[in-house]
Amino acid sequence: MTIVAIFLAAGVIALGAWTRLSDAGLGCPDWPGCYGHLDVRKAVAHVADVNSTDPGALREAHKTIPEMVHRYFASVLGLTILIIAALSWINRKRAKQPLKLPLFLVVLVIFQGLLGMWTVTMGLQPTIVMLHLLGGFTTLTLLSLLAARLYRWPEFLNDCDVRTLKPLAGLALAAVILQIALGGWTTANYAAVVCTELPVCESGWTEHLNFADAFIFWGHEHDLPDYEFGVLENDARTTIHVMHRFGALLVSLLVLTLVVRILRRAHSTFFRNFAGVILLLLLVQVGLGIGNVVFSVPLRIAVAHNFGAVVLLITLILFIRAINVKCTSARPGPNGE
Ligand code: HEM
């Protein structure tokens with residue numbers, strides 16, 4: 001069941017990215033239905049009707065589809081998490097049966113639903129959009145952690161030297177989380193295309209930094225009907241974009257140092273492979289980020305960049321879990337001693 005939930009959560013994240021990045025976030029201006037309809041086909045027909053009687057209405061029927069498909073998948077995921085929590089409760093007396101994590105996931109998925117509703121009803125308010133993205137990433141990460149606990153993966157650790165890497169791994173994880181939040185902030189404020197040059201931004205970018213306006217999280221002053229396509233001035237958007245680039249540099253330095261240290265300390269194939277996977281994910285993620293800039297954020301690259309971020313996050317969390325399990329130089333006995 002947890003594995004099913006993992007696939008569903010991954011699908012919901014990818015669909016959410018597709019919805020957001022194809023500017024379909026307001027494809028359905030109401031919630032939970034779309035123009036009052038729970039059936040997406042009726043919503044499409046409704047938009048077509050309105051457009052035929054009022055050609056100035058400019059409603060785009062195709063944008064209702066990603067939004068509603070995202071909502072359908074999210075509902076099934078919510079239901080699956082409820083079932084997981086119910087099963088954990090029923091089996092709570094069994095040894096090593098996790099209960100707090102499934103219950104926390106229920107609270108999280110309900111809060112995610114509320115954030116999804118506010119995303120629409122508050123007209124794509126950037127802080128809500130970013131929190132909704134972070135909530136989705138947290139859901140998938142915690143489900144992966146739950147699966148690792150249920151399947152007792154890894155069972156034991158026989159490479160005790162890698163445990164000394166805990167502080168560095170924690171630091172790399174914190175940097176990745178911050179970078180994900182900055183990425184979400186870049187998207188939510190439509191700051192992706194303000195810097196079209198590498199490595200930082202257009203020449204003279206240092207004169208176009210405005211930190212005061214770039215990080216206003218609530219109460220923006222604007223007279224637009226909603227936040228679609230952003231409400232910030234160019235300098236504030238440039239600042240956000242540039243911070244995401246510097247964030248990438250910090251993440252790269254920390255993650256590369258971690259990889260080198262793992263390779264130096266670890267003697268097991270398990271951890272050497274782990275280092276290889278982390279390195280590969282970092283390279284792919286930076287490559288996709290550069291692809292976003294060079295090709296002006298094509299939908300496929302942007303969705304892959306979103307997904308690459310969550311996979312990198314999960315891999316680091318699983319690495320930290322792996323270096324935290326009981327360390328023994330020999331395989332443990334049947335009772336775990
Ligand atoms: C190193 C690790 C990196 C991580 C973890 C990361 C993470 C993210 C995340 C989570 C988003 C939000 C995606 C979404 O809303 O769907 C994002 C957006 C973005 N990232 Fe990164 N990123 C990284 C590196 C880079 C690099 C190196 C560049 C460019 C050189 C870059 C350029 C962008 C751009 C332009 C966007 C906005 C995309 C849009 O609005 O459609 N990223 N990033």
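H244 counts as buried, since its relative accessibility is 18%; buried here means under 20% relative accessible area, exposed means over 50%, and partly exposed is in between, using a 1.4 Å probe on protein chains only. This is a predicted model, where local features need pLDDT of at least 70 and side-chain atom pairs count only at pLDDT 80 or more, while totals for chains, interfaces and linings use all residues. Residues are numbered from 1 along each chain as its sequence is written, and side-chain values use heavy atoms, leaving out hydrogens and water.

**The iron site**

- H305 is buried too, because its relative accessibility is 17%.
- H244 and H305 each use NE2 as a donor to the iron atom of the ligand, lying 2.0 Å from it; donors are N, O and S atoms within 2.8 Å of the metal (3.2 Å for Na, K and Ca), and with water not among the atoms, sites may look incomplete.
- H244 sits in helix 8 (residues 234–265) and H305 in helix 10 (residues 299–322), so the pair ties together parts 61 residues apart in sequence; helices are DSSP runs of H or I, at least four residues, numbered from the N terminus.

**Helix 2**

- V40, A43, V47 and V50 are the buried residues of helix 2.
- Those buried residues fall within an arc of 80° seen down the axis of helix 2, so they line one face; the arc is that of the directions from the helix axis to the C-beta atoms.
- On the other side of helix 2, you'll find R41, K42, D49, S52 and T53 exposed.

Terms used:
Helix = DSSP H or I, 4+ residues; strand = E, 2+ residues; numbered from the N terminus.
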